[in-house]
Amino acid sequence: MNYYIIIPAHNEAQFISLTLDSLISQTVLPSKIIVVDDNSTDTTAEIVKTFIEKHSFISLVERKSNAIHLPGSKVIQAFHEGEKHIDENYDIIVKVDADLIFPINYFETIITHFKSDDAIGMVGGFAYIEKNGEWILENLTDKDHIRGAFKAYRKATFKQIGGLKPAMGWDTVDELLCKFYNWKVITNESLHVKHLKPTGANYNKTARYKQGEAFYSLGYGFIITAIASLKLAIKKKKPLLFIDYIQGFLKAKFSKKELFVTKEQAIFIRNYRWKKIKEKLF
């Protein structure tokens with residue numbers, strides 16, 4: 001199976017060579033790697049060009065965008081720019097962050113999963129961060145969720161869910177829409193991806209409001225949002241984040257922000273979330 005990788009990158013000179021080294025060392029190589037340099041002010045582009053000289057399947061796209069970073073929107077807009085530079089000759093499309101180190105068998109294992117069952121729509125491993133000299137699980141989500149840093153989609157799935165939404169929450173709505181369309185989402189605990197820059201390290205208050213806004217846009221409703229907000233704040237060991245998330249939700253609700261999903265999909269999502277909540281309680 002052919003797989004294409006798109007890497008949005010903004011000022012990733014510190015890490016991107018490690019990411020690309022791990023990708024060109026895979027037991028099954030990608031057919032294409034497109035790095036989208038999104039308005040970097042460091043040497044990100046120059047580093048990528050040194051890889052392009054040796055590997056014809058790597059290319060660089062340079063994008064000029066607003067310097068303001070908001071989780072979700074900026075990175076997915078860069079991903080969309082990368083999509084403009086691919087053809088249709090892929091079986092799997094992968095969104096990858098520029099601060100990761102993959103095990104050498106990562107994509108061979110991903111492909112094996114996709115080949116094993118035509119109903120599998122998404123596959124991924126788990127993110128690990130370094131703490132006190134050890135690599136530990138970056139435990140921010142349930143183990144049935146694929147982190148936004150490394151999402152691999154079957155082509156048909158990617159097309160059916162309408163690609164990726166340029167807003168915070170894109171890496172949740174994609175999986176919920178997979179389930180809506182009866183695709184399976186598979187996580188493999190044996191695949192440990194080193195995440196060199198912890199999630200949310202640079203988030204400001206506006207970005208934290210965006211998380212609550214994302215819960216609204218997913219069609220969660222207030223009670224599910226409150227539960228999800230409390231859970232996430234506790235996982236991040238910052239209980240006061242709960243207030244920011246709720247404020248973001250209410251702001252989106254009162255401004256009647258457009259949802260990511262249709263009414264039918266929102267009903268499905270709420271029912272699915274309640275089912276998962278009840279499973280954990282009982």
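**Helix H4.** I looked up helix H4 in this predicted model, which covers residues 106-116. Its buried residues are Tyr106, Phe107, Thr109, Ile110, Ile111 and Phe114. Buried means under 20% relative accessible area, exposed means over 50%, and partly exposed lies in between, with a 1.4 Å probe and protein chains only. Helices (H or I, at least four residues) and strands (E, at least two) are DSSP runs, numbered from the N terminus. An α-helix has 3.6 residues a turn, so residues three or four places apart point the same way.

I then asked which elements the buried residues of H4 pack against. They pack against helix H1 (16-24) and strands E1 (3-9), E4 (92-96), E6 (120-131), E8 (150-154) and E9 (184-195). Contact here means heavy atoms within 4.5 Å.

**Basis.** I note that residues are numbered from 1 along each chain as its sequence is written, and that side-chain values use heavy atoms, with hydrogens and water left out. Because the model is predicted, local features need pLDDT of at least 70 and side-chain atom pairs count only at pLDDT 80 or more, while totals for chains, interfaces and linings use all residues.

**Whole protein.** I counted 10 helices and nine strands. The C-alpha trace spans about 55 × 40 × 40 Å along its principal axes. With 282 residues, a compact globule would have a radius of gyration near 19 Å, and the 18 Å of this protein agrees. That radius is taken over C-alpha atoms, and the globule rule is 2.2 Å times the number of residues to the power 0.38. Buried residues make up 49% of the 282. Of the contacts between residues at least 6 apart in sequence, 78% join residues at least 24 apart.

**Glu175.** I found Glu175 in helix H6 (residues 170-180). Is Glu175 buried or exposed? Glu175 is buried, because its relative accessible area is 5%. A polar atom of its side chain lies 2.8 Å from the backbone nitrogen of Ile146. Leaving out residues up to four places away in sequence, Glu175 touches Met122, Asp144, His145, Ile146, Lys151 and Val185.

**Asp97.** I placed Asp97 in the loop between E4 and strand E5 (100-101). Asp97 has a relative accessible area of 18%, so it counts as buried. Its side chain makes a polar contact with the side chain of Lys95 (2.3 Å). Such a contact is a pair of N or O atoms within 3.5 Å; within protein, one must be able to donate a hydrogen and the other to accept it, and residues adjacent in sequence count only if both atoms are side-chain atoms. Not counting residues up to four places away in sequence, Asp97 touches Ile7, Thr19, Gly148 and Ala149.

**Gly212.** Gly212 sits in helix H7 (residues 205-217). Beyond residues up to four places away in sequence, its contacts are Tyr245, Gly248 and Phe249. From Gly212 to Lys159 I noted 53 residues in sequence and 27 Å in space, C-alpha to C-alpha.

**Two asparagines.** Most residues other than glycine have a negative phi. Asn11, in the loop between E1 and H1, has a positive phi of about 55 degrees. At 30% relative accessibility, Asn11 is partly exposed. Asn39 has a positive phi of about 60 degrees and lies in the loop between strand E2 (32-38) and helix H2 (44-52). At 21% relative accessibility, Asn39 also counts as partly exposed.
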